[in-house]
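Work through the exercises below with the model open beside you. Try each task before reading its solution.

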Amino acid sequence: MKFKNILPFIGILIFIYIIFRIGLDKILESVFSINVYLIIIAFTVSFFALIPPIVKWMIILKNQGIILDFWTLFKIDLIGMFYGGITPGRLGTFIRVFYLKDKIKKHFGACSSSIVIDKVLDFMSICLFAVIGSFLLLNEISGLFTLAFTFFVLLVGLFIFFLNKKRSRFILRLVWKFFIQKRFKRVAIVTFDSFYGNMPKIKTIFIPFLIAIISLALAFTTTYIVGRALNITMPYILFITILSLATLVSLVPITIGGLGTREAALITLFSIFNIPAADVVTMSIVASIISTIVPGILGWYFAMGWKYED
């Protein structure tokens with residue numbers, strides 16, 4: 001069996017190890033101690049957290065001259081959440097390209113550009129929170145802030161660079177010349193041109209980026225409320241910035257939906273503040289059920305009922 005075939009299951013093995021290391025009895029004890037009323041509030045916040053990502057994507061599309069109603073984008077986004085939850089690094093979210101293509105009847109490149117921008121803005125917002133978190137943990141983890149800040153600046157610089165078609169063409173021409181097979185060169189050119197054909201201006205990106213930050217804060221707030229339901233007390237800003245660091249780790253494509261790697265990162269970071277590992281794992285599982293699994297099930301339902309247009 002090739003290593004790449006077992007790579008996505010490494011996180012699952014890590015998760016199983018964590019469960020046995022902590023003890024299932026301690027995790028169940030943590031589950032039974034949970035404050036149900038706060039969980040209901042977490043579900044409510046999680047529902048509202050589904051709205052900003054749709055608004056963000058809608059604005060990006062509008063800046064590209066593509067108009068779609070909120071309900072259609074809502075269904076496509078939740079379908080993406082379903083596939084993202086069952087794939088390493090949440091790469092399944094890019095399946096939205098095919099559903100968007102079915103609606104607007106444009107080339108694959110034109111359909112993928114808004115989704116690439118959308119995901120990059122999400123990633124940038126996570127990195128921004130991680131920079132803040134690494135600064136707050138400056139005394140506990142030396143060197144982390146410098147690394148996080150450098151990575152964030154580099155990411156923003158690359159995003160601005162590749163947002164411009166002419167600059168991108170200069171770099172990607174080398175990829176096209178040396179790495180694209182001859183039979184695919186024409187397809188690559190057409191895809192590149194359609195990708196950049198309706199690329200939004202850099203000045204129109206600020207509002208979607210701001211919404212990405214709000215969206216992430218709402219998602220992290222859901223986990224914060226779950227943590228409070230388990231009597232995990234910590235300043236809100238510190239809590240959500242720690243979550244951002246763990247989220248970055250969970251995006252490493254060695255597991256399905258971040259399972260295992262997310263819990264390992266959370267246990268490590270929260271142990272600095274003497275938070276019991278059993279409570280951290282319970283918080284992670286419950287928050288995932290509320291924020292990922294429940295919307296993912298709804299996304300699966302939308303996917304099964306999707307009627308492709310001719």
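The model is predicted, so local features need pLDDT of at least 70 and side-chain atom pairs count only at pLDDT 80 or more, while totals for chains, interfaces and linings use all residues. Residues are numbered from 1 along each chain as its sequence is written, and side-chain values use heavy atoms, with hydrogens and water left out.

**Exercise 1. Describe how helix 5 and helix 6 pack.**

Step 1. Locate the pair. Helix 5 covers residues 51-63 and helix 6 covers residues 70-85. Helices are DSSP runs (H or I, at least four residues), numbered from the N terminus.

Step 2. Take the geometry. The axes are 10 Å apart and the angle is about 115°. Axes are lines fitted to C-alpha atoms over the stretch in contact, and angles run from 0 to 180 degrees between N-to-C directions.

Step 3. Classify the angle. Helix 5 and helix 6 are roughly perpendicular to each other, a class that spans 65 to 115 degrees.

Step 4. Assign the hand. Helix 5 passes helix 6 in a right-handed crossing, meaning that the near helix is turned clockwise from the far one by less than a right angle.

Step 5. List the contact (heavy atoms within 4.5 Å). Helix 5 supplies Ile51, Pro53, Ile54, Val55, Trp57, Met58 and Leu61. Helix 6 supplies Phe70, Leu73, Phe74, Ile76 and Asp77.

Step 6. The contact has 11 nonpolar residues, no polar ones and one charged. Here Ala, Val, Leu, Ile, Met, Phe, Trp, Tyr, Cys and Pro count as nonpolar, Asp, Glu, Lys and Arg as charged, and the others, Gly among them, as polar.

**Exercise 2. Find what the side chain of Ser134 reaches.**

Step 1. Ser134 lies in helix 8, residues 108-136.

Step 2. Check burial. Ser134 has a relative accessible area of 0%, so it is buried. The cut-offs are under 20% for buried, over 50% for exposed and partly exposed in between (1.4 Å probe, protein chains only).

Step 3. Find the partner. The Ser134 side chain reaches the backbone oxygen of Val131 at 2.8 Å.

Step 4. Beyond four places in sequence, Ser134 contacts Leu144, Phe145, Ala148 and Leu245.

**Exercise 3. Identify the side-chain partner of Asp102.**

Step 1. Asp102 sits in helix 7, residues 96-104.

Step 2. Asp102 counts as buried because its relative accessible area is 7%.

Step 3. Its side chain makes a polar contact with the side chain of Trp306 at 3.0 Å. Such a contact is a pair of N or O atoms within 3.5 Å; within protein, one must be able to donate a hydrogen and the other to accept it, and residues adjacent in sequence count only if both atoms are side-chain atoms.

Step 4. Leaving out residues up to four places away, Asp102 touches Trp306, Lys307, Tyr308 and Glu309.

**Exercise 4. Are Asn231 and Asn274 buried or exposed?**

Step 1. Asn231 is in the loop between helix 12 and helix 13. Asn274 is in the loop between helix 14 and helix 15.

Step 2. Asn231 is exposed at 62% relative accessibility, and Asn274 is exposed at 69%.

Step 3. Asn231 has a positive phi near 65°, and phi of Asn274 is about 60°.

Notes: Helices (H or I, at least four residues) and strands (E, at least two) are DSSP runs, numbered from the N terminus. Angles under 35 degrees count as roughly parallel, over 145 as roughly antiparallel, 65 to 115 as roughly perpendicular and the rest as oblique.
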